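Visitor: I have a structure open and I'd like to learn how to read it feature by feature. Can you walk me through it?

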Amino acid sequence: MNLRFRCLKPHDCAKTVIYTDAKGKPSYCRKYLSMDGMESNLFNVLDLKKDSLFIGVTEGELDAITLSMCGIPAVGVPGVENWQEHFSRCLADFDVIYSFADGDTAGRKFSKFLAKEAKARPVRIPKGEDVNSIYVKGGADAVRALIEG
Ligand SMILES: [Zn+2]
């Protein structure tokens with residue numbers, strides 16, 4: 001049993017000061033928090049058992065939930081720094097592994113990493129977008145179109 005926490009406030013966490021210490025040094029909102037001392041897990045592992053030739057991999061849990069809801073089996077990775085070697089073996093039975101990285105610098109790093117570690121094929125996400133924002137704007141069809149195009 002493990003828990004992870006994600007900030008759901010409608011702000012840019014990296015730019016939101018939560019408090020300022022006595023010396024005036026700001027602390028910013030941490031988008032994700034993990035339990036102390038817990039190892040990282042793949043999220044949504046039940047999708048690994050789905051009858052599908054492909055699977056999506058996302059950075060973060062919420063995008064994995066969205067993909068899965070849209071009919072694309074998906075697992076979430078809690079950041080490249082928390083990647084574990086056996087994650088690649090969990091994905092090995094699928095013909096195609098798609099990486100759904102955010103359309104930003106960190107996302108490109110994630111895609112590059114997954115291409116190396118799991119031979120994942122990067123899905124092109126427009127700049128400044130992610131799976132969730134595409135879903136909010138265009139619904140499940142827009143999300144499915146990412147891999148059908
Ligand atoms: Zn936040």
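Guide: Helices here (H or I, at least four residues) and strands (E, at least two) are DSSP runs, numbered from the N terminus. Before we go on, this is a predicted model, where local features need pLDDT of at least 70, side-chain atom pairs count only at pLDDT 80 or more, and totals for chains, interfaces and linings use all residues. Residues are numbered from 1 along each chain as its sequence is written, and side-chain values use heavy atoms, with hydrogens and water left out.

Visitor: Which residues have a positive phi although they are not glycine?

Guide: The general idea comes before the cases. Most residues other than glycine have a negative phi, and most peptide bonds are trans. Asn-44 is one to look at, with a positive phi of about 70°. You'll find Asn-44 in the loop between β4 and β5. Another is Lys-119, where phi is near 55°. Lys-119 belongs to the loop between α3 (105-118) and β8.

Visitor: How is the protein divided into domains?

Guide: Domain bounds come from an automatic or database domain assignment. In this case, domain 1 is 4-34 and domain 2 is 45-148. Taken over C-alpha atoms, their centres are 26 Å apart.

Visitor: How many residues are in contact between domain 1 and domain 2, and what is the area buried between them?

Guide: Contact means heavy atoms within 4.5 Å. By that rule, four residues of domain 1 touch five residues of domain 2. Buried area is the accessible area (1.4 Å probe) that two parts lose on being put together, summed over both. For domain 1 and domain 2 that comes to about 340 Å², with carbon and sulfur atoms giving 48%. On the domain 1 side, Arg-4, Arg-6 and Tyr-32 supply 87% of the area buried against domain 2, more than any other three residues.

Visitor: Which residues form a salt bridge there?

Guide: Side chains of opposite charge can pair when their charged atoms come close. The rule asks for a side-chain nitrogen of Lys or Arg within 4 Å of a carboxyl oxygen of Asp or Glu. In the salt bridge of Arg-4 with Glu-61, the closest N and O atoms are 2.8 Å apart. Glu-61 is also one of the buried residues of α1.

Visitor: How many salt bridges does the structure hold?

Guide: There are six. One of them joins Lys-15 and Asp-12, with the closest N and O atoms 3.7 Å apart. Lys-15 is exposed because its relative accessibility is 66%, while Asp-12 is partly exposed at 41%. Another pairs Lys-116 with Glu-117 at 3.2 Å between the closest N and O atoms. Lys-116 is exposed at 62%, and Glu-117 is partly exposed at 28%.

Visitor: What does Glu-129 pair with?

Guide: Glu-129 meets Lys-137 in a salt bridge, 2.5 Å from N to O. Glu-129 sits in the loop between β8 (121-122) and α4 (131-148). Its relative accessibility is 18%, so Glu-129 counts as buried, whereas Lys-137 is exposed at 63%.

Visitor: And which residues is Glu-129 in contact with?

Guide: Leaving aside neighbours within four places in sequence, Glu-129 is in contact with Asp-102, Gly-103, Ile-134 and Lys-137.

Notes: Buried < 20%, exposed > 50% of the residue type's maximum accessible area, 1.4 Å probe, protein only.
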